[in-house]
Amino acid sequence: MKKTEPDNTVSSRIEGRNPVLEAFRSGRTIDRLYVQEGCQDGPVKTILREAKKQDTMVQFVEKTRLNQMSESGKHQGVIAVAAACEYASVEDMLQAAEQKGEAPFLILLDNIEDPHNLGAVIRTADHAGAHGVIIPKRHAVGLTETVARTSAGAVNYVPVAKVQNLTRTILDLKKKGIWFACADMDGEVMYRQDLTGPVGLVIGSEGKGVSRLVKESCDFTVSIPMKGATGSLNASVAAGILAYEIVRQRL
């Protein structure tokens, strides 16, 4: 039976000074704020203050870049990209696992900037029974409309948390008894690793992989046996293969 998908997604792009300011003041989650270079008048400074309160990523760009991004043609020097869905907390994920009587199973993504990859991972997380997906605040895509569409509605069922520092989050969760497996081509083949119990699966981008500090904070590395000539798998494909090895070992 197909799940009924609640319509929790909203438009993710907000243009114009007053709409952007009201979005901040209403408490809406803004993933990123684009501001025209050299635009520092009173209203823009007010918007920047609100962005600082929310610790929102701010990127100063040329007017031509804003013109390309704009859908209305009336951006007034500012465009905000809001989350298509609300973010959860890591604690929400742990509570969900506890309520189900299951060992926590988390998927952490590092350097994933492609919204299609993130959406696909969220969809896999839903079907594999993961209790949540954790992404970093910087150098990563957020919950955009494209992510929501690519997830085929799974974004409404899988908690996604955005954290300030992925390494610190891993270290905090290790204190709670969770072991972390980092996907790495030079790691131990997944069939030989014990992936049962409380586990966090860490996946990096196809190009950059997992950053050094994040990799070093993990307990062990795990690899997918590959016979082809290409160097690596797409991040969402790798996440799917490894997630279902965790499912297999848990059966």
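Me: Which residues of β9 are buried on one side, and which on the other?

Reply: Buried means under 20% relative accessible area, exposed over 50%, partly exposed in between (1.4 Å probe, protein chains only). In β9, V199, L201 and I203 are buried on one side, and G200, V202 and G204 on the other, so both faces are covered. Strands here are DSSP runs (E, at least two residues) and helices are too (H or I, at least four), numbered from the N terminus. This is a predicted model, where local features need pLDDT of at least 70, side-chain atom pairs count only at pLDDT 80 or more, and totals for chains, interfaces and linings use all residues. Residues are numbered from 1 along each chain as its sequence is written, and side-chain values use heavy atoms, with hydrogens and water left out.

Me: Which strands pair with β9?

Reply: Strands of a sheet pair through backbone hydrogen bonds, either parallel or antiparallel. Two strands count as paired if DSSP finds at least two bridges between them. β5 (residues 105-110) runs parallel to β9 over 6 bridges, with L106 partnered by G200. β8 (residues 179-189) is parallel to β9 as well, through 4 bridges, and W179 sits opposite V199.

Me: What is the order of the strands in the sheet?

Reply: The open sheet has 6 strands in the order β7-β6-β5-β9-β8-β10, with parallel pairing. Its edge strands, β7 (160-163) and β10 (220-223), each pair on one side only.

Me: Which helix packs on the sheet?

Reply: Contact means heavy atoms within 4.5 Å. Helix α5 (residues 115-128) packs there, touching β5, β6 and β7.

Terms used. Axes fitted to C-alpha atoms, helices over the stretch in contact; angles between N-to-C directions.
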